[in-house]
Amino acid sequence: MTDDTAPERGRGPLSGVLVADFSRVLAGPYATMLLADMGAEVVKVEGPKGDDTRTWMPPVRGDVSTYYLGVNRGKRSIALDLRDSDDARVARELARRADVLVENFKPGGLAKYGLDYASVSAANPGVVYASISGFGSGAGRDVPGYDLMVQAMSGLMSLTGDPGGPPYRAGISVFDVMAGNHAAIGVLAALRHRDATGRGQHVEVNLLSSALTGLVNHSSAYVAGGVVPYRMGNAHPSVFPYEPLPTADNDLIVAAGNDGQFRKLCEVLGIPEVADDPRFARMADRTARREELRPILVGRLATRGALEWFELLVAAGVPCGPINTIDGGFAMAERFGLDPIVEVGEGDRAVPTTRHPIRFSATPAAYRLPPPELDEHGDEIRKWLSTPEENQDV
């Protein structure tokens, strides 16, 4: 599309893909941001008051919510009031032209605007239409979907916290992020199918299903073993040592996930005989006798500080790491050459943001546009959508 009113197309692996983003808050915007990084042109459709996260503050950068900034780079914004017939017509035209539509309205909530899957696919048979909800489009369709609710209802909170204390939520909206990733994966798979067949499809993701698959070994413990897991603080039910252990100054995460790593751990700690002790020879033995083994390890770790042990153990091939605050996490990524921060935008609009997590050797992620102001691109998008496609170069 080369018409000067058309949205700019990227050059990444998704170059040429137009995404109509009717989502807000986190799961949907996170998914569409990942697609934008990979070259898709994303048009963010917002209500007259904008995405909810525009008002979620503090913290702020200037007067803009950093929450909003964190999941909306690479997009163009148009504000549409779907209750207005003219705006709804613009929205339907965008959906008709889109390769992908992403939405996280209440299931069925877009039907009254002619923006549900049945309506959009009737006008645009090749569309990949991705719906994100809390609990699916069946019996759970009327239950609002917020990450905290899903952390509680899925069982995650029952696994988080001290064994004798109350349940805790994870420090981030973990299932919103997971569902956003699942939505992006579903969109990519459906685009591959469309490339092969010419047919679009409806991709549905819900937070509870993302949560249950994301609980991995705990879910398997229940469905395959009939075991209901319980809170163990920072301990692991099947692996030891795999938790924070105290050193001379700070705690250090030690994660010896197999017999070889445990032997290396013992060698570095100066207790090689412990690896040969029949009480601790196998992972199952160490897990069963963790209360016997822990003081032996802690006694040796107490002779040095966490960072000194980190250097020694990593050099020997033992997985471990200090417990950082967020700034320390970014500093560690810088140390490892991961360049975790990139800048998007120019001048006063330049915003530091976290690098896209996937590296491509031939088609790297690009950071073309800063998070948009509300309706920042409304005029140009309306102009483009009002121009008949036959008068545009494709």
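Student: Where does His-236 lie: in the loop between which helix and which strand?
Tutor: The model is predicted, and local features need pLDDT of at least 70, side-chain atom pairs count only at pLDDT 80 or more, while totals for chains, interfaces and linings use all residues. Residues are numbered from 1 along each chain as its sequence is written, and side-chain values use heavy atoms, leaving out hydrogens and water. Helices (H or I, at least four residues) and strands (E, at least two) are DSSP runs, numbered from the N terminus. The loop that holds His-236 runs between helix H9 (216-225) and strand S9 (242-246).

Student: Is His-236 buried or exposed?
Tutor: Buried means under 20% relative accessible area, exposed means over 50%, and partly exposed is in between (1.4 Å probe, protein chains only). The relative accessibility of His-236 is 19%, so this residue counts as buried.

Student: Which residues is His-236 in contact with, leaving aside its neighbours within four places in sequence?
Tutor: Contact means heavy atoms within 4.5 Å. With those neighbours left aside, the partners of His-236 are Asn-217, Tyr-242 and Arg-290.

Student: How far is the backbone nitrogen of Val-239 from a polar atom of the side chain of His-236?
Tutor: A polar contact is a pair of N or O atoms within 3.5 Å; within protein, one must be able to donate a hydrogen and the other to accept it, and residues adjacent in sequence count only if both atoms are side-chain atoms. For the backbone nitrogen of Val-239 and the side chain of His-236, the distance is 3.3 Å.

Student: Which residues does a cis peptide bond join, with omega about -5°?
Tutor: Pro-241 is in the loop between H9 and S9. Its cis peptide bond, with omega about -5°, joins Pro-241 to Phe-240.

Student: Which residues of helix H8 are buried?
Tutor: Helix H8 covers residues 207-214. One of its buried residues is Leu-207, which counts as buried because its relative accessibility is 3%. The buried residues of H8 are Leu-207, Ser-210 and Ala-211.

Student: What covers the buried residues of H8?
Tutor: Leu-207 is in contact with residues including Ile-132, Val-150 and Phe-175. The elements that cover the buried residues of H8 include S7, H5, helix H7 (174-197) and strand S8 (201-206).

Student: What separation do the C-alpha atoms of Leu-207 and Asp-147 have?
Tutor: Along the chain, Leu-207 and Asp-147 are 60 residues apart. The separation of their C-alpha atoms is 7.4 Å.

Student: What volume does the largest pocket have?
Tutor: On a 1 Å grid over the protein atoms alone, a cavity is a set of points where a 1.4 Å probe fits but cannot get out, and a pocket is an open set with protein on both sides within 12 Å along at least five of seven lines; lining residues have an atom within 4 Å of a point. Grid points are joined across faces, edges and corners, and a volume is the space filled by probe spheres set on the points. For the largest pocket, that volume is about 1000 Å³.

Student: Which lining residues are closest to the centre of the largest pocket?
Tutor: The largest pocket is lined by 27 residues. Closest to its centre are Thr-66, Gly-70, Val-71, Ile-172 and Thr-354.

Student: How many residues of that lining are charged?
Tutor: Ala, Val, Leu, Ile, Met, Phe, Trp, Tyr, Cys and Pro count as nonpolar, Asp, Glu, Lys and Arg as charged, and the others, Gly among them, as polar. The lining of the largest pocket has 16 nonpolar and seven polar residues, and its charged residues number four.

Student: How many residues of H1 are buried?
Tutor: H1 (27-37) is among the elements that give two or more residues to the lining of the largest pocket. H1 is largely enclosed by the rest of the structure, because the buried share of its eleven residues is eleven.

Student: What is phi of Val-25?
Tutor: Val-25 is in the loop between strand S1 (18-22) and H1, and counts as buried because its relative accessible area is 18%. Val-25 is a residue other than glycine, yet its phi is positive, near 75°.
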